[in-house]
Amino acid sequence: EEIYRRFLALRPASANAHFNLALTLQRKGFVGEAIPLLRKALEINPGMLEAAFSLGGSLNESGQEDEGIAMFRRAVEGRPQDAPVHSNLLFAMLYYSRPDEAAILQEHQRWAQRHAAPLARFIRRHENDPSPDRPLRVGYLSGDFWEHAVSFFFEGLLDARRCGVAGVEDKAVSQGDRFSGLHGVAAVKLFVLLEIFQPERIRGE
């Protein structure tokens, strides 16, 4: 943090200097201090979409929902093919204190058309054994199998139901021994996941 502050003092007109210090403060939990730095970065460089995206997150976290969602929309407009950026807009809309269900549905449909529909050509029919008495193989794909609260509630399900494969985005997995198979999928493109799930002959959840 101190190095970024020194750099900012030397380059006060640098959008990157403001942005990098803001990210450091965000990681340390000082969201309130990060917001004015991100605003300044955007003032210097209005096309800096990373700053708009980060500002959206900080504003939402500080309770400034309307402006936070507006920043996420700005980032989505600048990067229309960036699925994670678009996903953060949806996340913010779902947790909005005054949700507009029609708008949420419309934005999800827009996400599906933009990011999911192009992957339809990769869909192949599963060659699973159709026998009704076969063991059901289930795959769970999530980035929340590590320190997220979901992982702790998920353990009981895994104990009661052996699953086939798990795709995870985190560096480690707290319930790794509960899976019969485990694949790390950090930075893996969506269509590549099909190549992981298809040979395992599972259905994903």
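Which residues of α5 are buried? The structure is a predicted model, in which local features need pLDDT of at least 70 and side-chain atom pairs count only at pLDDT 80 or more, while totals for chains, interfaces and linings use all residues. Residues are numbered from 1 along each chain as its sequence is written, and side-chain values use heavy atoms, with hydrogens and water left out.

The buried residues of α5 are Glu65, Gly68, Ile69, Met71, Phe72, Ala75 and Val76. They lie on the same side of α5, because they cover an arc of only 155 degrees around the axis. The arc is taken from the directions from the helix axis to the C-beta atoms. Buried means under 20% relative accessible area; exposed means over 50%, and partly exposed lies in between (1.4 Å probe, protein chains only). Helices are DSSP runs (H or I, at least four residues), numbered from the N terminus. The cover over the buried residues of α5 includes α3, α4 (49-61), α6 (83-94) and α7. Contact here means heavy atoms within 4.5 Å.

The length of α5 agrees with expectation. Its 14 residues should span 20 Å at 1.5 Å a residue, and its end C-alpha atoms are 20 Å apart. The expected span is 1.5 Å times one less than the number of residues.

A salt bridge is a side-chain nitrogen of Lys or Arg within 4 Å of a carboxyl oxygen of Asp or Glu. By this rule the count is eleven. In one of them, Glu67 pairs with Arg39, with the closest N and O atoms 2.4 Å apart. Glu67 lies in α5 (residues 65-78) and Arg39 in α3, so the pair ties together parts 28 residues apart in sequence. Both partners are partly exposed: Glu67 has a relative accessible area of 28%, and Arg39 has 33%.

Arg73 forms a salt bridge with Glu107, the closest N and O atoms being 3.1 Å apart. Arg73 belongs to α5 and Glu107 to α7 (residues 101-116), so this bridge ties together parts 34 residues apart in sequence. Arg73 is partly exposed at 32% relative accessible area, whereas Glu107 is buried at 3%.

A further bridge joins Glu33 and Arg5, with 3.5 Å between the closest N and O atoms. Glu33 sits in α3 (residues 31-44) and Arg5 in α1 (residues 2-10), so parts 28 residues apart in sequence are tied together. Glu33 is partly exposed at 41%, as is Arg5 at 33%. Glu33 and Arg5 also belong to a network of salt bridges that links them with Glu1 and Lys28.

Technical notes:
Helices (H or I, at least four residues) and strands (E, at least two) are DSSP runs, numbered from the N terminus.
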